[in-house]
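Trainee: Hi! Could you walk me through this one? I've never looked at it before.
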Amino acid sequence: MPIELAAREQRPGSTRTLATGPDGGVVRRTVLPGGLRVISESVPGVRSVAFGIWVGVGSRDETLSLSGASHYLEHLLFKGTQRRDALSIAAEIEAVGGEINAFTAKEYTCYYARVLDEDLPLAVDVVCDMVSGSLIATPDVENERGVILEEIAMHDDDPGDAVHDAFAELVWPGTPLGRPVLGTVSSIESLSRASIAGYYRRRYRPDSLVIAAAGNLDHAALVRLVRKAFAAVEVEADRAPSAPRLGGRGPGFTSGTSVVRRPTEQANLVLGLPGLPRLDERRFALSVLNAALGGGMSSRLFQEVREKRGLAYSVYSFTSQYADTGLVGVYAGCHPKRATDVLELCREQLTLAASGGITAEELERGRGQMRGGLVLGLEDTGSRMSRLGKSELVYGELMTIDEILSRLAEVTLDDVRAVAFDLLRGPAALAAIGPYDDDRALSAAVA
């Protein structure tokens, strides 16, 4: 059974052992006063440590006037604190051969560093200083505004990225999930220093933070380092950790077609339908279905669209899962004149899968792909740290590798066919970027 994290029920100041592995690795969690959580996995035999701070805030937490604020903050936290300027933040980590970075998603933000095990104290000090003590100085806000506008321009110049934003806006119109993580040119231009700083104070509270680390480390020593790094942060001693963002009623899915006209050499297409929320019990069957449908070179979409007909260079299926909703879809990049053929073929394969077309051989191949990808993906400390941080912050449970492998092994052909029947039959949505004057031909191809 998965290990229920139940951090809210753990006494502040206490430590629990959550899991032990056959290789001697141990997963432990400590809850500090104020609800700050520290979760770590010791990994014997490695000489590195990945250290991250996961924040329970992302772009779906933003009001329309704050669109892009979470990502703006990600940039600003690298610009300086009372103890360090921007150069020092980067130079101190790079001077020991480490790396430091961050990313913002729709439901969380992560700041992380990967260093040699002996340099963990430095990584803890630098990353915690950034997250807890950012100045958010007015000159930095103004300088970084231009940087983010350039990032938006770069993102928009890549139609393979931009089409996914267009798809989200189409299916979840007028909602935070439907807006781009980066924000828009107008929202970034209008964000003030005061609004960003207020968002930072409200959202970056200890009870919304998870400290995750994996590698050659000692948990007790890590906790001492974190305590010292957060010593100046005011906390409510009896405040419990925030509960994971789970359940509730997600935004409704809007079908239809959205075409963005651009003079591109390729048409970039995303065809999708409603998927599953994060903890739906059918998610393991869906992952196997996704692998069989479009997860690799042996997948049905790759074989039918690229290998047999040469209609596209890139074609794959994907799933996106959030606390209360999800997506399942197909991406393809092809010559604009071949777009209708590609879409008709993709729609045909989705319909075949929904009508029970997945075979036992495809089931085994998809299951094997998921097993191998899971285990190989955890060969480095960064991946292990991410697994801990996401499990604690957004899932509310920590599944052991053996538990996940067992759940995948339990997926039957009937399970895969059932989830395909449930998800792949309904009205689809299509977002396209390419040199099109109207959407009639593309809409007809997916009707």
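This is a predicted model: local features need pLDDT of at least 70, side-chain atom pairs count only at pLDDT 80 or more; totals for chains, interfaces and linings use all residues.

Trainee: Great. What volume does the largest pocket have?
Mentor: The largest pocket has a volume of about 1,100 Å³. It is lined by 31 residues, and those closest to its centre are Gln321, Leu374, Lys390, Tyr395 and Ile404.

Trainee: Which element gives the largest share of that lining?
Mentor: That's helix H13, with seven residues of the lining of the largest pocket. Elements that each supply at least two residues include H9, strand E11 (314-321), helix H12 (360-376) and helix H14 (401-410).

Trainee: And how does the lining of the largest pocket divide by class?
Mentor: There are 14 nonpolar, 10 polar and seven charged residues.

Trainee: OK, what about the second largest pocket, how much space lies there?
Mentor: About 440 Å³. Of the 20 residues lining the second largest pocket, Gly21, Pro22, Glu41, Arg384 and Ile401 are the closest to its centre. Strands E2 (15-20), E3 (26-31) and E4 (37-42) each give two or more residues to that lining, as do H13 and H14. By class, the lining of the second largest pocket has nine nonpolar, five polar and six charged residues.

Trainee: You mentioned H9. How many of its residues are buried?
Mentor: 12 of its 12 residues, so H9 is mostly covered. Among them are Phe284, Leu286, Asn290 and Gly294.

Trainee: Why does the span of H9 agree with its 12 residues?
Mentor: Because at 1.5 Å a residue those 12 residues should span 16 Å, and the end C-alpha atoms of H9 are 16 Å apart.

Trainee: Which helix is Arg283 in?
Mentor: Arg283 is found in H9, which covers residues 283-294.

Trainee: Is Arg283 buried or exposed, and why?
Mentor: Buried, because its relative accessibility is 10% and the cut-off for buried is under 20%.

Trainee: What does the side chain of Arg283 make a polar contact with?
Mentor: With the side chain of Glu397, at 3.3 Å. Leaving aside residues up to four places away in sequence, Arg283 touches Leu276, Arg278, Gln321, Glu397 and Met399. Gln321 also turned up among the residues closest to the centre of the largest pocket.

Trainee: Nice link! Changing topic: how many cavities of 30 Å³ or more does a search of the whole structure find?
Mentor: One. The largest cavity has a volume of about 30 Å³, and its lining is made up of Leu269, Leu271, Val330, Tyr331, Ala332, Leu343 and Cys346.

Trainee: Which elements give two or more residues to that lining?
Mentor: Strand E10 (267-274), strand E12 (326-334) and helix H11 (339-354). E12 gives the most, with three residues.

Trainee: And the classes in the lining of the largest cavity, what are they?
Mentor: Seven nonpolar residues, no polar and no charged.

Trainee: Last one: how far does helix H4 reach?
Mentor: H4 (residues 138-157) has 20 residues and reaches 29 Å from its first C-alpha to its last, close to the 28 Å expected at 1.5 Å a residue.

Trainee: Which residues of H4 are buried, and what covers them?
Mentor: The buried residues of H4 are Val141, Glu144, Arg145, Ile148, Ile152 and His155. Their cover includes helix H1 (69-76), helix H5 (159-171), helix H6 (185-190) and helix H7 (193-203).

Notes
Residues are numbered from 1 along each chain as its sequence is written. Side-chain values use heavy atoms; hydrogens and water are left out. Helices (H or I, at least four residues) and strands (E, at least two) are DSSP runs, numbered from the N terminus. Buried means under 20% relative accessible area, exposed over 50%, partly exposed in between (1.4 Å probe, protein chains only). A polar contact is a pair of N or O atoms within 3.5 Å; within protein, one must be able to donate a hydrogen and the other to accept it, and residues adjacent in sequence count only if both atoms are side-chain atoms. Contact means heavy atoms within 4.5 Å. The expected span of a helix is 1.5 Å times one less than its number of residues. On a 1 Å grid over the protein atoms alone, a cavity is a set of points where a 1.4 Å probe fits but cannot get out, and a pocket is an open set with protein on both sides within 12 Å along at least five of seven lines; lining residues have an atom within 4 Å of a point. Grid points are joined across faces, edges and corners, and a volume is the space filled by probe spheres set on the points. Ala, Val, Leu, Ile, Met, Phe, Trp, Tyr, Cys and Pro count as nonpolar, Asp, Glu, Lys and Arg as charged, and the others, Gly among them, as polar.
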